[in-house]
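Biologist: I have a new model open and want to learn to read it. Can we take a few features in turn?

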Amino acid sequence: FKKNISKVVLFLRHVKRVEVFIEEDESDAPEMLYYVDVTARKALESRSQRIESPMTGIENIRSLAVSTFGGSNQFNDWNSIANFISGSGSQTLSKEAFYGKLMRTPENQLPQTKHLVTVQFVDKSRIVDGSDTGERVMKVIDQYLICSALGAGKCRAMACNPEHRDLKFLPWASVAAHLIRNGQHAPASRGNAFCFLPLPAETGFNVHLNGYFELSANRRDIWFGDDMSGSGKIRSEWNRLLLWDVISPLYSQLLLEARSLLGPGKYFDRLWPVNISSDIWKIVRSRVYHLAVHLPLVYTMLDSGKWVSLTSAVFLDSPDYDNIAPDDEFRVVTNKTLMSILLQEKISVVSMSTSVISCMKEESCGIIEVSPSMIRECFKRPDEHSSLRNSENVVFLLRYCMDDLVERRLFKQLHGLPLLPLLNGLNGTIADPNSNVCYYVSSEVERDLLTSASFALVDVWTSDSRLNSYMISEDLHSCTNIQALNSSSFVELLTHSFPAEWLGLPEIRWVPRAESSENSPYNPQWLTQLWDYIASDTRNNGGKLSHFEDNLQIVPTVVADGERTLQVLTANMAVVNMANQNTGAEINAEVTRILWSTGIRTLDSSYFRGTNRSRIYQMLQPYIHPPTVRGIITALKNSVSDVQVVARNERMAARFHYLNKSEKIKLRGFIRDSDDIDLQNDEIDTLRSLPIFEVFDSGKKQRFSHLSVDSFLPPSCADLNHLDSRFVKATSRKDVAFLERIGVTTMNPREYYSVYLCSSLAQNLIDEANRTVAVTKLLQDTYTFAEEDGGEALLDRMSIVAFVPNSHGSLVKPTDLYDPQESGLIDLVDDSMLPASELRHTGVLQSLRAMGMKTKLSSDGIIESARKIEYEAKNLSIQEDLVEDKVHAVRKRATALLNFLDDENNIMKFLSEARVENNTIESGNIENGEIELTMNQDLGDMTQELNSICWLPVERSPIGG
């Protein structure tokens with residue numbers, strides 16, 4: 001009884017003090033052991049009249065406890081309900097009158113009171129300090145919030161039903177909450193059921209419930225059961241309606257009033273009905289939660305703090321205040337972070353204990369609870385989401401949203417979440433694998449190389465190691481637009497590290513910035529790191545660089561001393577690696593500089609580290625050429641691959657323009673002396689197009705040229721002074737062997753004389769000083785060809801070329817000349833029809849005769865001789881000073897021709913031989929008379945043409961002589 005004595009006076013109307021005495025001896029007066037009294041019952045103003053106090057919690061309760069109430073509510077008095085029942089003053093109401101009044105009174109006008117009741121318990125027998133010198137009493141001061149009312153609804157209807165009048169039902173109830181003890185928050189306790197006095201039955205709630213209950217037979221519990229009949233069933237139904245229609249609404253009102261008295265927090269939250277001691281109290285719990293759905297009974301820190309309804313709130317499950325286990329510490333931290341984030345999102349988030357939230361869900365209050373799925377849906381909405389400006393919030397939320405999905409691999413539920421932390425500090429949206437936007441998980445090396453593409457790289461180095469492991473999971477990658485970085489995507493992202501103005505350029509001039517810390521091609525350390533990565537990347541298809549082809553300027557090359565470029569990796573590069581495969585040292589500095597002068601770049605291997613150098617060389621083999629003849633020739637061929645074959649020689653000549661004589665000889669010697677000279681046809685064609693071969697220039701200065709299709713080595717019979725650029729110089733057997741390997745052959749003497757030398761003479765390509773000597777040697781050497789196979793055809797071809805100088809120095813065909821050794825011919829023909837005097841010796845004349853030089857005068861020769869006489873005679877006639885020797889010579893030839901024609905035997909013999917030679921007369925085919933007739937006709941034709949020419953010599957006499 002001592003423990004519960006304070007409860008005794010809670011709901012009594014007239015009893016304010018209860019004392020307990022002990023009488024140990026009949027002779028002694030009873031001694032007081034302890035007592036309890038109600039020291040104050042302060043009415044609380046109506047919610048419709050009262051302005052919320054700025055004070056909350058204990059401070060507000062203390063203020064209300066010592067204040068005086070001033071208001072006009074007629075039901076503020078503690079006995080308002082009793083007075084409504086019994087009537088005011090001397091006008092007491094009968095039972096019938098009361099029930100009639102109760103039934104007629106509107107629900108909102110039924111009496112309802114709210115009081116802050118202070119109860120003092122004094123234990124005089126307790127020794128506080130434990131000393132024998134004196135006793136001090138113990139005082140416990142408790143303060144309760146008590147709400148009382150007459151209810152309505154079905155409960156009132158049942159009470160007013162005349163059939164139940166004998167049961168004296170009264171819809172009067174109260175709810176009391178223990179708020180303060182000795183100036184501090186009251187400890188948690190289990191509430192009792194009251195029928196104005198406490199019953200042994202506990203409700204399980206943290207409040208006391210008082211009402212006009214129908215009690216069980218032992219008066220220790222209230223009457224309740226589903227299997228009753230008759231009056232028992234009626235009593236049970238009464239108790240149910242009293243709990244539903246009166247006590248539950250009062251409970252809700254108590255919660256509303258307690259908000260300002262306790263303020264938000266665990267002391268207020270513990271007032272919610274959670275635990276029950278028996279099924280009958282489920283009625284109260286269910287009804288209270290249903291009534292509370294639209295009441296502002298939960299507190300959010302949003303907008304500096306406010307009370308909101310259950311339907312407006314989002315509930316954050318937190319550990320029960322009095323049962324926080326060590327394992328819940330992480331949960332507490334998580335909830336704190338979630339609270340902060342949701343408040344930034346302008347969400348009315350409410351922190352509530354697990355047990356209360358469970359009851360709300362059990363009673364189907366339709367609340368929204370903070371959960372990974374709720375957070376996922378929240379952040380999928382296209383709002384501003386200001387909380388995501390903090391990268392730590394993003395990391396936290398993504399981990400929170402993924403924890404419940406990892407084990408079940410339900411990563412599709414992440415689609416649409418803008419919670420992917422990126423290396424640029426922004427956030428990406430997780431989407432379907434087929435999304436147009438993809439994000440990549442990289443290694444640390446890739447991260448450092450791709451800082452310019454950090455917008456596409458996932459930050460897997462966050463402070464949350466577990467989240468990092470989630471993001472590199474292949475299971476996640478298979479379901480989302482997060483992918484592991486492969487070679488192709490790496491190259492695609494690498495383009496962002498290169499300046500925009502480099503786009504599409506095959507080569508750029510490169511000035512490395514040694515002191516630069518930027519992650520770009522300007523930084524040589526970055527380029528070295530890139531090649532280290534390429535060499536160590538095991539994903540690039542067996543060491544192939546196909547993803548880099550025709551894309552980025554990543555190949556460092558040297559153009560000249562101190563001048564560097566970066567080239568795009570292509571299949572046909574004009575770049576040679578002149579470095580040792582193992583040491584990286586330059587192999588041939590002279591050849592390297594020659595290549596630079598021709599525009600060929602050499603690989604700058606100084607940016608390849610020793611451990612990876614050989615691997616890089618191996619990877620570059622399909623693109624960069626080795627320091628061999630084949631490699632250099634291939635590079636040169638690639639350097640002019642953009643021009644037609646016919647223009648290749650011109651382009652090569654331009655490339656070699658700045659090479660001096662010694663450099664050309666050095667390069668040719670390098671190629672000649674190399675063991676790698678077994679070249680393919682196209683490589684030989686490229687080699688022949690190089691203007692590094694020394695050729696003849698008709699005795700002029702040293703000249704270098706490419707090798708054409710008609711380039712030859714000169715035969716031994718050739719006069720070197722007469723050779724042009726078609727002939728290649730060879731100063732040693734090595735030169736000859738080298739030239740022969742690349743298709744340069746020695747010209748056949750026949751071809752030399754019949755094609756080259758004859759043509760050169762005919763085109764006056766050999767000066768007059770050397771011409772006679774050249775013709776003499778030609779005619780002397782070619783005479784022997786007549787005796788060889790095909791010799792006659794060779795002589796025939798030469799006979800129609802005007803390469804033989806006549807007596808006047810003009811070049812004529814051998815067939816146009818007459819043999820000067822034939823008697824009488826010299827007097828008959830002009831000097832222009834005779835070979836030059838230097839050629840009139842036996843060996844030369846034999847060759848000319850073999851080539852068709854005439855030994856007899858033909859009809860054409862007669863006519864030509866007459867015309868020559870006419871021509872020279874006319875020239876002499878217009879000259880002012882006649883030279884007697886020339887006149888005499890013309891007369892002499894004219895006289896000789898006349899004498900020749902005057903001899904009939906000569907003419908007939910000549911005509912007969914001409915007819916036979918021309919196959920006009922064939923033996924046995926015609927008669928002698930016909931022969932004579934034909935010859936007479938030919939003679940007449942020749943005579944007619946001779947008569948038209950002024951060739952006859954005449955004797956001139958003075959006029960009048």
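Modeller: Start with a pair of facing residues. This is a predicted model. In it, His-115 stands opposite Ile-146 in strand 4.

Biologist: How many bridges join strand 3 to strand 4, and do they run parallel or antiparallel?

Modeller: Strand 3, residues 112-123, is joined to strand 4 by 12 bridges. The two run antiparallel.

Biologist: Which strand do nine bridges join to strand 4?

Modeller: That is strand 5, residues 172-181, again antiparallel. Here Cys-147 stands opposite Val-175.

Biologist: How should I think about side chains in a strand?

Modeller: In a regular strand, side chains alternate between the two faces of the sheet. Now look at cover.

Biologist: Which residues have the most contacts inside the largest nonpolar core?

Modeller: They are Trp-272, Val-298, Phe-315 and Met-360. The core holds 95 residues. Helix 6, residues 231-262, gives the largest share, with 14.

Biologist: What is Trp-272 in contact with, beyond its neighbours within four places in sequence?

Modeller: Its partners include Tyr-251, Leu-255, Val-298 and Met-360.

Biologist: What is found at the start of helix 18, and what follows the helix?

Modeller: At the start, a side-chain oxygen of Asn-588 comes within 3.2 Å of the backbone nitrogen of Glu-590. After the helix comes Gly-599, with a positive phi near 90 degrees.

Technical notes:
Residues are numbered from 1 along each chain as its sequence is written. This is a predicted model: local features need pLDDT of at least 70, side-chain atom pairs count only at pLDDT 80 or more; totals for chains, interfaces and linings use all residues. Side-chain values use heavy atoms; hydrogens and water are left out. Two strands pair if DSSP finds at least two bridges between them. Helices (H or I, at least four residues) and strands (E, at least two) are DSSP runs, numbered from the N terminus. A nonpolar core is a set of buried Ala, Val, Leu, Ile, Met, Phe, Trp, Tyr and Cys residues joined through side-chain atoms within 4.5 Å. Buried means under 20% relative accessible area, exposed over 50%, partly exposed in between (1.4 Å probe, protein chains only). Contact means heavy atoms within 4.5 Å. A polar contact is a pair of N or O atoms within 3.5 Å; within protein, one must be able to donate a hydrogen and the other to accept it, and residues adjacent in sequence count only if both atoms are side-chain atoms.
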